[in-house]
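Thanks for coming. I will take a few minutes to walk through one model, strand by strand and then core by core. Please have the picture open.

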Amino acid sequence: MPVAPGNPHGNPEAAQRQGALPSTPLRREVTLAPAGFPRGDTRHFRPAVGASDVAGPVHSAMMSSQVVVNQGYNSQLPGSYPPLTPAKTLNPGSGHYYSGGSQGPGQTLHRPPVAANPAVPSLHSGPVPRMPAPASQSPAATPRPSGGFLPGASPLPPVTWQHSYPSMGSQVNHYPPAPSQPPVPGSTNLSTNHQYVSSGDPLLQNSYGKSGSAPPIRNPPLPTTFQPGAPPGPPPTGGPPLVRALMPQKASLRAVPQPSFNSAVNQEGITSNTNSGSLMAHSNYDEIEGGGFLATPQLATKNPQISRSVGYTYPSLPPGYQNVPPPSSATGMPPSSLNYPSGPQAFPQAPLGANHLTASMGGLSLHPEGLRVVNLLQERKMLPSTPLQPPVPNLHEDIQKLNCNPELFRCTLTSIPQTQALLNKAKLPLGLLLHPFKDLVQLPVVTSSTIVRCRSCRTYINPFVSFLDQRRWKCNLCYRVNDVPEEFMYNPLTRVYGEPHRRPEVQNATIEFMAPSEYMLRPPQPPVYLFVFDVSHNAVETGYLNSVCQSLLDNLDLLPGNTRTKIGFVTFDSTIHFYSLQEGLSQPQMLVISDIDDVFIPMPENLLVNLNESKELVQGLLKTLPQMFTKSLETQSALGPALQAAFKLMAPTGGRISVFQTQLPTLGVGALKPREEPNQRSSAKEIHLTPSTDFYKKLALDCSGQQVAVDLFLLSGQYSDLASLGCISRYSAGSVYYYPSYHHQQNPVQVQKLQKELQRYLTRKIGFEAVMRIRCTKGLSIHTFHGNFFVRSTDLLSLPNVNPDAGYAVQMSVEESLTDTQLVSFQSALLYTSSKGERRIRVHTLCLPVVSTLNEVFLGADVQAISGLLANMAVDRSVTASLSDARDALVNAVIDSLSAYRSSVLSNQQPGLMVPFSLRLFPLFVLALLKQKSFQTGTNARLDERIFAMCQVKNQPLVYLMLTTHPSLYRVDNLSDEGALSISDRTVPQPPILQLSVENLSRDGAFLMDAGSILMLWVGKNCAQNFLSQVLGVQNYASIPPIMTDLPELDTPESARTLAFISWLREQRPFFPVLYILRDESPMKANFLQHMVEDRTESALSYYEFLLHIQQQVNK
Amino acid sequence: MQALLLTAALIFFAIWHILAFDELKTDYKNPIDQCNTLNPLVLSEYLIHAFFCTMFLYAAKWLTLGLNMSLLAYHIWRYISRPVMSGPGLYDPTTIMNADILAYCQKEGWCKLAFYLLALFLTTYMA
């Protein structure tokens, strides 16, 4: 009771905000309600529930509460604070949480519930609705809070996690069926209870668990299976992966999400898997933004009574990771159950806990396998036959459960060395790899009047802070002790006062906040899209306008946005053409500006128009545009002036410029000269990786300042100096797409690729006027950033646009010794404006242990992350020094770290190349990098292609970078159902991953190579007739068409299996990889063989030779 | 006497640089603005320094000239190896926030300050 009132928030703004709060939150909620979700629903009120519990009319309660709050703050007198009880009521009013699966799934989610608990459907469903409801309703504050709180708890399993579902399912089973729930004393309605109980826990567990225990996932039973089992209860089915983090506490509490919710989620997840890519995309983006609806009001279920009791016991949450207090101990269900009357809840956890344990153990170095030292020269089959899982940090299980999903946020060393000296000794790079804006299936979203942050370092409160007592928390980054704001004391999940540690912010490592107006420099901008087309003769020749305009027409309604969306078009050759799309015009009006030395905008309005109001004109323009320039003989290209014009057009609002360019710009500012000399392609020297002019960079910086991002689509057969052009996207946080030799007739493969990528590009989620800040525990500091952005200060990136396909890397250094700390945390906070005009903050927090010995550092190394970071560093090195320097640096990285291991860790010097188990694939991945297009030598890779590959290294999330570097190879002519995953009603075979060596290929088989953005199916000459006819649908080998990019859907089990497998691979990524079917004589065969990184090529070593080389150097 | 004034001006430049990089490091300023203010100074600093190198040459102060020639050579090298840019100056806002480059620039500032102070003493006592 202490303290508080004064300025709990720490910052003055917060205090001020308070006053305003009441009204805003409410409004927000309303708006949030996602489209999918019917707002009017009865759900709003779960009055039934609420009513029983509460006494006071909602209105009055809220009002009073608010008032009270205000007073408290204003007066700042500690004493003045209202007694706890009042506070409770108050709190609800002030902060509402939504957790929502922000994405599409959310919608579905709600529906399912009905079945589950027919009785009280309305209740669960509605977190969103609740908000309003509370106001109107009388139900006491208590009910409301719960409502408000939505599903927040639920974590977001990324799409990829799908495998995990199964495991979840298993977990689910554990639960006692709904029936058990009744125990819940909650005064609230019974019906609700069960739902919550059963479903809620599993969900939570799942989500986290999976991240932690990824490996186990595979084995577990299929989701489908269990679902049925689950039915008894409510729909506990399998809650898809919700956040585990909550588990411990929640479990004990039995805070359960609504059953309906769960079921819905499950279905969603599954369905999404099964569905075609497009479907998935949908749900991901659109819905996310709508996010508000989210979700599930999960935890609300708890009875106030129960929770209260819990509250008092109040354990210190995470901090105690070493010795966990009873409540927090996840596994220790028994204890928790004891504590709580609602015993039943406990059930799920016990099993789960066990699983996790083993799982995490596996990941940890504890596992004997992990401790093993491997002699690579003797054990050559080190590549696992299943996808490589990231190592699990050696943390106490309770903390690990809460940790961020490694797909979003991972560190090269899962055990952080204590000092820079130790890090230097290990010779491994320390850094983070982020995929902060990844599409998530489920994301807790919090709408709260006060976003709780550390007063000195501004860190967002996260699962890894420690609560000193109920009123104070200690920042895990700067160690400052902060007060817990009064409204944070109320936990809407449990409807209990005094449990700040159970709030969703403290239960989820990944969470999204709805930002109040302090986080805006100006009113959120509308989504603005400007398309700039090259219409010179060369461009018309390629015929790209047809595909692009068609794609745009098809996706016009799917562009992320709202009623404020604006769109505009500019075309250019040697002059610049603008299109007036003024309402009332019968057809678009073209305005030509031929003065390219001093570009101006011909008319201030109507060049960017509201998409909804002028849709017909826009469609008309898109239909006529491809024909307008067919007779053009103009060969010059004035890209620079066109970009300047585009910038001027966009500067007042900010937004996205998409530029389509097909040749080297030759006119006006920014004109470039060809620099590529074909004869020098193969040498690593004297190639032009640096820009030849800073025009594009400066323009990009101007764009960045005005919140404009430029995405470059380069469709050129000739050298176009991507090194210079690429700067326009690199520093404005755009992305680069490159289609070498694009031609609508001669190169249908590129056409298909453009169409698919364009579809993704146009419909994916987008964040505007974003900034991302990365904070880390005191003692660590950020050294360098990698990716597309402008670095605005030591830890702040300026991202005019942020898209879900962009990854970032950060190099870190240890500035001060970390000897007096056992854990370090990293937090990335991405502040952006959604396409719906909401300001949001997405926060990810990662927690890692600190170690003091070299051996532990090596054991915790994450080889994929290390390779990814090294690739980024090597790109920088190629640009600042030379390509050969970069290649040497890559090789030296392996040699240095393995020598360090040999000399410092291994006691007895054995012959051979001894490496720690964690780094067993390090030489292989580095060799693959050396053979990657960015860094390879001795081939005739064109300069632009090489530079594009470098752009990709910098801009791709780690998963895809690793796939393009070291593709997965599967044999697919003998797929069987053994070990297959089953997802909903499909069976997806899981063939083992083969090593990338020709020795694994055989002429009588068919092999599928998954290289991220491209799938190649190589069919051997003597491939079984069965495969040819049953899968490819051809008579014999010779009749396979030279260009084949689709598998026919045949009514045979073989065909079904192959198609299921391929579509499963595709569903795991947001873009659509094109499938190529190759024969021996196909031109793409060289491309296929080039990915065989373990083999020798004319200019590169084979894997074994490379190992020998390293061994020689290491043993020197 | 003139040399004294000029050295004082150079010291001022050096201090200005140190402060500017410190501001960058502590987040007070936007790197674009900072580079815009620093870049014109770089060339003027170099020119002033070159100017009084020639003055020393005419005055036949061989010892001082020898000392200053080393810095002059460094300046020339530094300017030749600057990043690609259209305007005068050395600093590129897109790379300046790299920890290595920032640390290097700061160190450079301190070294120059020391050097100019030394030059100030030399000119005062030896003139």
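Predicted model: local features only at pLDDT ≥ 70, side-chain atom pairs only at ≥ 80, totals over all residues.

Residues are numbered from 1 along each chain as its sequence is written, chains are lettered from A and ligands numbered from 1 in the order in which they are written, and side-chain values use heavy atoms, with hydrogens and water left out.

First, strand E26 of chain A, residues 823–834. Strands here are DSSP runs of E with at least two residues, helices are runs of H or I with at least four, and both are numbered from the N terminus. Is E26(A) mostly covered or mostly open? Mostly covered: 12 of its 12 residues are buried, where buried means under 20% relative accessible area, exposed over 50% and partly exposed in between, with a 1.4 Å probe and protein chains only. In a regular strand the side chains alternate between the two faces of the sheet. Both faces of E26(A) are covered, with A:Phe826 among the buried residues on one side and A:Gln827 among those on the other.

E26(A) has partners; two strands pair if DSSP finds at least two bridges between them. Strand E21 of chain A, residues 767–776, pairs with E26(A) in the antiparallel sense over eight bridges, and A:Val771 stands opposite A:Leu831. Strand E27 of chain A, residues 839–851, is also antiparallel to E26(A), with 11 bridges, and A:Gln827 has A:Thr845 as its bridge partner there. The hairpin of E26(A) and E27(A) has four residues between the strands, and A:Gly837 takes a positive phi near 85°.

Next, an open sheet of five strands with mixed pairing, in the order E32-E29-E33-E34-E35 of chain A. E32 and E35 stand at the edges with a single partner strand each, so one side of each is left without a neighbour in the sheet. E34(A) and E35(A) run parallel, joined by five bridges; one bridge pairs A:Leu1015 with A:Leu1075.

Last, the cores. A nonpolar core is a set of buried Ala, Val, Leu, Ile, Met, Phe, Trp, Tyr and Cys residues joined through side-chain atoms within 4.5 Å. The largest has 234 residues, and those with the most contacts inside it include A:Ile576 and A:Phe826. Helix H36 of chain A, residues 883–904, gives the largest share, 10 residues. A second, separate core has 38 residues, including A:Leu552 and A:Tyr742.
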